[in-house]
Amino acid sequence: MPPHATILLSRSDVQKLLSMEAAIAAVEAAFTAHGEGRALMPPKVYLELDAYHGDLRAMPAYVDGAAGVKWVNSHPENPARFDLPSVMGMYILSDPATALPLAVMDATLLTAVRTGAAAAIASKHLSARAPRTVGFVGCGVQARTLLEAHRAVYGDTFEVLCADVSEHAARVFAEEARGRVVSLEEASGADVVNASTPARAPVVKRAWVKDGAHVNAIGADAHGKQELEPAILVDGRVVIDDWEQATHSGEVNVPLETGELRREQIHATLGEVLAGKRPGREGARITVFDSTGLAVQDVALARVVHAAAREQGLGTSFDFFR
């Protein structure tokens, strides 16, 4: 491969090159670097496209010698109107020393994998013990990588509880996961709860979540979104991924605006917990991880994919500047 070539990697290439185990290791290291102040990550930039019922987001970052940017969208009407995914992403990985683009790759799968990895890392560090049950509130694409990541951490030792507003989606996921279709209430009562819906009003009620449970709030990734009844946050120990992003667009954004949650009630970032700056779980309180998705996670995975592509000779070589 020419020394100044850029490697182009499709979704299928990324799928071949990135294992969940490698993703979890890379994301955990990225969170730790973020918690220790060793990463550069400007706030996520939103380009609101109201006329098209969607938005585009730019997410640059630098961590541990790797730099890059993700360009990703959210267009909920895409599947029905255009037969396209609602979320599509592209990642540009650059050499920080020269700015040469090392790789341009699909980031749709990258996003799903790093999001699943982040949730499983939070479960690992914030749960009281290995779960006997893991509930899924929302059984779409993201649920698949959430399940894969939790199995990578805990093995195939827990029962999978599947709930979705679409009974068909819940049934299909339950068959794939060797799990069981249940009510929202039962899924929310699991030892670990993964909520990954596009909800703008709470779908998980406080009365359903048992004391000592851990909740991964994944779906809220834009201003005005929320999945959890605010009492869950008030009663629990809340860990966010990033102060700027979470307070603007994470699970905490709505209750902070309404005054149902105060900023000082947010315990820490996950990076601070991993870096040993703040304790993780203490006692039998609910723990909540508010995941908005960090650019440092993306660049960490993009570097893993690029290194594997060079090692295995996968992808298409391209020179943008000739």
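Modeller: What follows is a description of that position and its contacts, and then of a helix.

This is a predicted model, in which local features need pLDDT of at least 70 and side-chain atom pairs count only at pLDDT 80 or more, while totals for chains, interfaces and linings use all residues. Residues are numbered from 1 along each chain as its sequence is written, and side-chain values use heavy atoms, with hydrogens and water left out.

In an unreviewed entry, UniProt lists Lys70 under "active site"; such positions are given in the numbering used here, with shortened feature names, and the annotations may be inferred rather than shown by experiment. Lys70 lies in strand β5, residues 66–74, where strands (E, at least two residues) and helices (H or I, at least four) are DSSP runs numbered from the N terminus. With a relative accessible area of 1%, Lys70 is buried, a term that means under 20%, as against exposed at over 50% and partly exposed in between, with a 1.4 Å probe and protein chains only. Leaving aside residues up to four places away in sequence, Lys70 touches Arg57, Ala58, Met59, Met90, Tyr91, Ala107, Thr111, Arg114 and Asp298, contact being heavy atoms within 4.5 Å.

Helix α4 covers residues 108–126, and 17 of its 19 residues are buried. The end C-alpha atoms of α4 are 27 Å apart, which agrees with the 27 Å that its 19 residues should span at 1.5 Å a residue, because the expected span is 1.5 Å times one less than the number of residues.
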